[in-house]
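Subject: The structure we talked about

Hi there,

Here is the structure I promised to pass on. Have a look at it first, then read my notes below.

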Amino acid sequence: MMLSPDQAADSDHPSSAPSDPESLVGPDAKGLLGCCVSDPEPVEEGGGEGKGGGRAALHTQQLSREEKRRRRRATAKYRSAHATRERIRVEAFNLAFAELRKLLPTLPPDKKLSKIEILRLAICYISYLNHVLDV
């Protein structure tokens, strides 16, 4: 149904309402979208923002805990320290596997085993020792 411009302006039909955001907001931001178009309120730190919550805080010059963490982790000093900690952790992990490997019987004794093979062999060996104790 086609309406003339005069009828469209007087109609209560939804299609006759202005659709652009500027016409919906009055001079004092009390239009239909007044609550959505107003300036964002400052976000308090640690207010439970999830992922992406820091973006709204950037507009108000306050950084969320997540954004502060992200910026701190971006520094070369932090990355270097993290890499050092990770290297120490992996070395300790590998030493523990080497010690466990020494306790497991295999033929030949110096056979190279993967970590998963070491774990599976340890499970079988412990099960065998439990069986021997039960008998």
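Let's begin with a term: a salt bridge is a side-chain nitrogen of Lys or Arg within 4 Å of a carboxyl oxygen of Asp or Glu. Before you use it, please note that this is a predicted model, where local features need pLDDT of at least 70 and side-chain atom pairs count only at pLDDT 80 or more, while totals for chains, interfaces and linings use all residues. Residues are numbered from 1 along each chain as its sequence is written, and side-chain values use heavy atoms, with hydrogens and water left out.

**Salt bridges**

How many salt bridges does a search of the whole structure find? It finds four. One of them joins Glu86 and Arg89, with the closest N and O atoms 2.8 Å apart. Both residues lie in helix α6, three residues apart, about one turn of the helix. (Helices are DSSP runs of H or I with at least four residues, strands are runs of E with at least two, and both are numbered from the N terminus.)

Now for how covered these residues are. Buried means under 20% relative accessible area, exposed means over 50%, and partly exposed is in between, using a 1.4 Å probe and protein chains only. Glu86 counts as partly exposed because its relative accessibility is 33%, and Arg89 is partly exposed too, at 47%.

Next, go to helix α5, where Glu66 and Arg70 sit four residues apart, so about one helical turn separates them. Their side chains meet in a salt bridge (2.5 Å, N to O). Glu66 is partly exposed, with a relative accessible area of 25%, and Arg70 is also partly exposed, at 45%.

Arg71 and Glu67 are another pair in helix α5, again four residues apart, about one turn of the helix. They form a salt bridge whose closest N and O atoms are 3.3 Å apart. Is Glu67 buried or exposed? It is buried, with a relative accessible area of 13%, whereas Arg71 is partly exposed, at 46%.

The side chain of Glu67 also makes a polar contact with the side chain of Arg70 (2.7 Å). A polar contact is a pair of N or O atoms within 3.5 Å; within protein, one must be able to donate a hydrogen and the other to accept it, and residues adjacent in sequence count only if both atoms are side-chain atoms. Put together, Glu66, Glu67, Arg70 and Arg71 are linked in a network of salt bridges.

**The nonpolar core**

In soluble globular proteins, nonpolar side chains tend to be buried together. A nonpolar core is a set of buried Ala, Val, Leu, Ile, Met, Phe, Trp, Tyr and Cys residues joined through side-chain atoms within 4.5 Å. Which residues make up the largest one here? There are five: Phe97, Leu104, Leu113, Ile118 and Ala122.

Leaving aside its neighbours within four places in sequence, Ala122 is in contact (heavy atoms within 4.5 Å) with Leu100 and Leu104. Leu103 belongs to helix α6 (residues 76-103) and is exposed, because its relative accessible area is 62%.

Happy exploring!
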